[in-house]
Amino acid sequence: MEALIPVINKLQDVFNTVGADIIQLPQIVVVGTQSSGKSSVLESLVGRDILPRGTGIVTRRPLILQLVHIEPEDSRKTSEENGIDGEEWGKFLHTKNKIYTDFEEIRQEIEAETDRVSGNNKGITDEPIHLKIFSPYVVNLTLVDLPGITKVPVGDQPKDIEVQIRELILKYISNPNSIILAVTAANTDMATSEALKVAREVDPDGRRTLAVVTKLDLMDAGTDAMDVLIGRVIPVKLGIIGIVNRSQLDINQKKSVADSIRDEYAFLQKKYPSLANRNGTKYLARTLNRLLMHHIRDCLPELKTRINVLAAQYQSLLNSYGEPVEDTSATLLQLITKFAAEYCNTIEGTAKYIETTELCGGARICYIFHETFGRTLESVDPLGGLTTIDVLTAIRNATGPRPALFVPEVSFELLVKRQVKRLEEPSLRCVELVHEEMQRIIQHCSNYSTQELLRFPKLHDAIVEVVTSLLRKRLPVTNEMVHNLVAIELAYINTKHPDFADACGLMNNNIEEQRRNRMRDLPSAVPRDKSLKSPGGHSLSPTEPPAPEGEVIKAAASGSQGGEQGDGGGTGNWRGMLKKGENGADRAMPPFPTSPQKGHAVNLLDVPVPVSRKLSAREQRDCEVIERLIKSYFLIVRKNIQDSVPKAVMHFLVNHVKDCLQSELVGQLYKAALLDDLLTESEDMAQRRNEAADMLKALQKASQVIAEIRETHLW
């Protein structure tokens, strides 16, 4: 199990080379207020003076410190191989392979590197310094030293320095795989500890928080930290460990860490004899080592899965970026062919990438034909925009100056053409919708199917332009054909159409049925005197005053069918029809005198408002006949249009584009002069390819490192 921490260190090195923090590795993060003794704790663990010290803000960049335990024999062997004088040494990531044996030099390098990035006047930055210490006197640990929590900006620190430091700390401790080392000085109240407060925000259960109480020797006379260390004040699940730091005087006098640890042990034995074996720097080091090993063991399965998933994602990403272009003509031809094939496959529904969020390609074209276009045609009313008065006027206009004995066919033809013409607009709209969908397929193929095109923006734009131009050329041809389909229907009104003949026969049967019903409903004796009849069938004597207009209209409404239609339908011969016409004319006379009054001029061109008069039975019957014929024929034409327009659109637009697309693309784009220009990669594509390749290498290496761990190492 001791081998786990070096494994994590190896993983950290692997990912540091690509500068990515996509994998959250287990590590110990040191958190505390400014000058609470964080850096002193780290130095005690290392056993050497390696960190900048002083008052105020000293740690201004995160320091990722890897402690690597090596056996004394290995240490001597490595020293001899590398020509190193000493058994302990350090290495920085930013100085590559340079080895530091003088720990004073390490401290100076940390200060110099901090000033280089953060400036030399108290500013902070989140870019970490990576330091690795090899020594036979340390335990395997990975620690992160962070700037101390501060409240008031000093020097040229920004006004929001508190927020910046807090965000920096949260960035590291939010990692669920990290252990939080919350450092608090013993001479402050534990309840006011900023470190524990921040730790609780991200770890409310306290499962990964360990508290360290520093400066036990600086407490007021007569007080001690017994209650704090036992956990009576604030309990911490992983425990509370007290230590004694070196004072600034000790540091100035170059007191060694080893002497300091010896003095610390003596102090603990004297002041806290019952707790001495569970406090102190050595116990802290062993506890951290144990916690980190157990934590790594718990995190490892998830870490392994995460690395494998990321490796697969980056492999896919690298594949999408493609290889650098060598043979331009072959690459261009391949991309054009692939795009054309994907375009056709999207229409056919055989594309590799099936859209699940919405209809696209051929499925949407089918939807346009049968749902959108079909529903729109069905919603067109066969008699829409055509009133009974319009029909009557058309009949009368078609007869000319002679009163008609029969309904003129011309009126039917004129009216039905007018109605059929209304089918043209939805048909052209159908063409437009299909054209728009063909345009959308271009974008769909670029985004989902032919990702290589995104590498070459100029080629992508050129292909879009060629396909758009081809679609634009086919649009007028298709519109013309659809226009002709409607014109063909208008050119010849085929009243001998089988469906229309059946409808006419059915309608005649219905009319005959209605006539019989009316005959059956007539009373047994109907007075047929020649006196003037009111619309209700009552005799009017010349001396009787005329009824008010409203009553006449009501009477007409109630009695017109009983009287007029009864008389008109009673005889089935010409004489009866003529008689009915006379009676109808008599009944249609208004009850008011129509002779011009004295002093009033007569204008023969005054046409009575048609709405104000009641239609005669014959007029009503003629209108009904025409309306039924129009409806019957319109439905036949609508059925034809609903069938023929999609076929025309498929032939003239969709299939033509599918057949000609590749030849059009090759003819327009496959030219020697255009090759280099079209296959120019976007500026950042090469860089992204290199980054993805580096990351993939790192992930594969990390996977190998984890694979080396045997299950037996975990226990």
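Ser135 lies in strand β5, which spans residues 129-135; strands here are DSSP runs of E with at least two residues, helices are runs of H or I with at least four, and both are numbered from the N terminus. The model is a predicted one, in which local features need pLDDT of at least 70 and side-chain atom pairs count only at pLDDT 80 or more, while totals for chains, interfaces and linings use all residues. Residues are numbered from 1 along each chain as its sequence is written, and side-chain values use heavy atoms, with hydrogens and water left out.

Is Ser135 buried or exposed? With a relative accessible area of 0%, Ser135 is buried; the word means under 20% relative accessible area, against over 50% for exposed and in between for partly exposed, with a 1.4 Å probe and protein chains only. The side chain of Ser135 comes to 3.0 Å from the backbone nitrogen of Tyr137. Leaving aside residues up to four places away in sequence, Ser135 touches Val68, His69, Ile70, Glu87 and Glu88, where a contact means heavy atoms within 4.5 Å.

Phe134 belongs to strand β5 as well, and it counts as buried at 15% relative accessibility. With residues up to four places away again not counted, the contacts of Phe134 include Val68, Trp89 and Lys91. Glu87 is also touched by Phe134; these two residues are 47 residues apart in sequence, yet 8.3 Å apart in space from C-alpha to C-alpha.

Now for the sheet around these residues. Strands of a sheet pair through backbone hydrogen bonds, either parallel or antiparallel. In this model, nine strands form an open sheet with mixed pairing, in the order β4-β3-β5-β2-β6-β1-β7-β8-β9; two strands are taken to pair if DSSP finds at least two bridges between them. The edge strands, each pairing on one side only, are β4 (99-100) and β9 (240-242). Helix α4 (residues 103-118) packs on the sheet and touches β2 (63-69), β3 (89-92), β4 and β5. The direction of α4 makes about 170 degrees with that of β5, using lines fitted to C-alpha atoms (for helices over the stretch in contact) and angles from 0 to 180 degrees between N-to-C directions. Strand β8 (residues 209-214) pairs with β9 in the parallel sense over three bridges, and Ala211 stands opposite Ile240 in β9.

Finally, the whole chain can be considered. It holds 22 helices and nine strands, and 43% of its 715 residues are buried. Among contacts with a separation of 6 or more, 81% join residues 24 or more positions apart.

Key
A polar contact is a pair of N or O atoms within 3.5 Å; within protein, one must be able to donate a hydrogen and the other to accept it, and residues adjacent in sequence count only if both atoms are side-chain atoms.
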